[in-house]
Amino acid sequence: MTRKILPILLILLIHFGYAQKTVDKIPDLKSDNELQVDGLVQPILNDFLKLCSKYNIAYHEKLFKLKVIAVVDTIGITPNGGTLGMLVRNENKDVEKIIFSWVTLLDKEILKVVAFHEFGHYFLGYKHICNDCNKIMATQNTSYFDIISDWDSQVDNLFRDSPEYRKTMHGFAYITH
Ligand SMILES: [Zn+2]
């Protein structure tokens with residue numbers, strides 16, 4: 001049954017967007033500064049943060065600024081595509097939520113790619129690196145399978161090429177050419 005749905009998924013876009021006030025259904029916990037992470041996303045987040053440590057990328061400060069990481073049913077999907085994940089900003093333009101469409105749950109590998117994509121924006125300082133080039137930080141991906149089948153090297157490139165990693169590598173040195 002999943003296989004029948006997958007061709008539809010392949011045309012869905014990952015989109016980096018700004019939600020206004022359209023995320024009412026996301027549970028907003030009253031206890032401030034407590035990050036709520038969806039149980040389905042938690043292991044993926046744990047893997048990502050371990051990799052941040054491995055590549056010497058600081059993440060604690062950003063992590064503590066987040067309030068919610070969740071899978072929601074409030075992101076619109078149309079037959080022509082849709083958004084699978086996004087960062088949600090508050091009035092001060094600070095990211096406070098990272099949300100994923102329920103559509104990502106149809107295949108846990110897709111949730112993993114979309115989650116790493118959104119975490120790449122937030123923790124690694126990425127903008128999109130291409131329109132559709134079979135990389136985690138592409139604007140859209142017509143084949144998630146290519147990324148998943150080459151996962152370890154995809155992730156290594158994701159971290160090594162990231163703005164945050166480059167910062168730690170170059171420090172304050174001047175590059176003169
Ligand atoms: Zn994006």
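Colleague: Why is Asn56 called exposed?

Modeller: Asn56 has 11 other C-beta atoms within 10 Å. The model is a predicted one, in which local features need pLDDT of at least 70 and side-chain atom pairs count only at pLDDT 80 or more, while totals for chains, interfaces and linings use all residues. Residues are numbered from 1 along each chain as its sequence is written.

Colleague: Where is Asn56 placed, and what is its phi?

Modeller: Asn56 belongs to the loop between α2 and α3 (60–65). Its phi is positive, about 60 degrees, although Asn56 is not a glycine. Most residues other than glycine have a negative phi. Asn134, in the loop between α4 and α5, also has a positive phi, near 55 degrees.

Colleague: What makes Asn134 partly exposed?

Modeller: Asn134 has 15 other C-beta atoms within 10 Å, so Asn134 is partly exposed. Gln154, with 18 such atoms, is likewise partly exposed. Gln154 lies in helix α6, and its C-alpha atom is 9.3 Å from that of Asn134, 20 residues away in sequence.

Colleague: Which residues does Gln154 touch, leaving aside those up to four places away in sequence?

Modeller: Gln154 touches Lys135, Ile136 and Ile147. Two residues are in contact if their C-beta atoms, placed from the backbone, lie within 7 Å.

Colleague: How do you know that Val88 is buried?

Modeller: Val88 has 22 C-beta neighbours inside 10 Å and therefore counts as buried. Val88 is part of strand β5. Its C-alpha atom is 9.9 Å from that of Leu66, 22 residues apart along the chain.

Colleague: How many helices and strands does the protein have?

Modeller: There are 7 helices and 6 strands. Both are DSSP runs numbered from the N terminus, helices being H or I with at least four residues and strands E with at least two. Of the 177 residues in the protein, 28% are buried.

Colleague: Why are α2 and α4 called oblique to each other?

Modeller: Helix α2 (residues 42–54) and helix α4 (residues 108–124) pack at about 45 degrees, with their axes 10 Å apart. Angles under 35 degrees count as roughly parallel, over 145 as roughly antiparallel, 65 to 115 as roughly perpendicular and the rest as oblique. The two helices, α2 and α4, are therefore oblique. The contact involves Ile44, Phe48 and Cys52 of α2, together with Leu111, Lys112, Ala115, Phe116, Phe119 and Phe123 of α4.

Colleague: What is the largest nonpolar core, and which element gives the largest share of it?

Modeller: The largest nonpolar core holds 34 residues, and Phe100 and Ala115 have the most contacts inside it. Such a core is a set of buried Ala, Val, Leu, Ile, Met, Phe, Trp, Tyr and Cys residues joined through C-beta atoms within 7 Å. Helix α4 provides the largest share of this core, 9 residues. In soluble globular proteins, nonpolar side chains tend to be buried together.

Colleague: Which residues does Ala115 touch, again leaving aside those up to four places away in sequence?

Modeller: Ala115 touches Val41, Ile44, Gly85 and Phe100.

Note on methods:
Axes are lines fitted to C-alpha atoms, for helices over the stretch in contact, and angles run from 0 to 180 degrees between N-to-C directions. A residue is buried if 20 or more other C-beta atoms lie within 10 Å of its own, exposed if 12 or fewer, and partly exposed in between; C-beta atoms are placed from the backbone.
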